[in-house]
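Hi there,

Here is the structure I promised to pass on to you. My notes follow below it, starting with the ligand.

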Amino acid sequence: MKEIFENIFEEEGRILTRNMLPGKKVYGENLLKIQGTEYRAWNPTRSKLCAAIKKGLVHNPIKHNSAVLYLGAATGTTISHLSDILTNGGAFAVEISAHSMKTLLQLCEKRENIIPILADARQPDKYRDVGEVDVVYEDVASPEQADILLKNCRMFLKRGGYAMIAIKSQSIDVTRKPAEIYAEVERELSTELEIVERINLEPFEMDHLFLVLKKK
Ligand SMILES: C[S@@+](CC[C@H](N)C(=O)[O-])C[C@H]1O[C@@H](n2cnc3c(N)ncnc32)[C@H](O)[C@@H]1O
């Protein structure tokens, strides 16, 4: 087994995180015992961050002690793995859907390094108490994906900090070619953030581009 990033492991092609709550699954993932420690298999078809890792992500700014602002947490699939990774850090999980939040709350009760926030990521003023973070991660299916990231990075991301975004071209415009949409989003984001890495998430996710960016 190899530690490919802080607290992220790879064995026989599987990406794993150490289970903070041994014996407990979050979304039906496989649990594996390796040399007396329990790991959770991270599913790249259920999590875009895992898909990016599988596709060869080089820059992963999420460290064991990072403060992360996560936009579009849904019911907590990806953020449950962040919870395993952030052994000395934590994440604020913003989600607009009250329905998803019900499930997310149950996860946050058990995993204390995740703080749930029921809010619209287009209005970061509503959760300004979050303060400064090392990483802003965004996975919202919204036509305003780029604008949401810029607004949140302006307000919360420290200078030299990193943003990660999974851009879903279909949420922006189903009628246009994904490549055109990506170019437009990249132009908009590069006015304030430097693009460090870009990864096409196929075959795990169709029409999704994953970007790692740095605050100038
Ligand atoms: C693709 S899902 C996220 C999946 C999740 N990131 C994961 O990997 O486990 C997108 C989520 O973004 C949420 N969302 C959409 N618009 C939002 C907004 N303006 N503010 C906050 N959340 C939003 C949706 O309710 C949905 O749960």
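Predicted model: local features only at pLDDT ≥ 70, side-chain atom pairs only at ≥ 80, totals over all residues.

Residues are numbered from 1 along each chain as its sequence is written, and side-chain values use heavy atoms, with hydrogens and water left out.

On to the polar contacts (pairs of N or O atoms within 3.5 Å). A polar side-chain atom of Tyr70 is 2.6 Å from a nitrogen atom of the ligand, and one of Asp120 is 2.8 Å from a ligand nitrogen. Ile96 takes part through a backbone N or O atom, 3.3 Å from a nitrogen atom of the ligand. On its own the ligand has 610 Å² of accessible area, and the protein covers 82% of that (Shrake-Rupley method, 1.4 Å probe).

Now the chain as a whole. It has 6 helices and 12 strands (DSSP runs: H or I of at least four residues for helices, E of at least two for strands, numbered from the N terminus). Its radius of gyration is 16 Å, close to the 17 Å that the globule rule gives for 216 residues, so the chain is as compact as a globular protein of that length (taken over C-alpha atoms; the rule is 2.2 Å times the number of residues to the power 0.38). Along its principal axes the C-alpha trace spans about 50 × 35 × 35 Å.

Two backbone details to finish. Glu202 and Pro203 are joined by a cis peptide bond, with omega about 5°, and Pro203 lies in the loop between β11 (193-200) and β12 (208-215). Asn7, in the loop between β1 (2-5) and β2 (8-11), has a positive phi of about 65° although it is not a glycine.

Best wishes

Definitions and conventions:
Polar contact = N/O pair within 3.5 Å; in protein donor to acceptor, adjacent residues only side chain to side chain.
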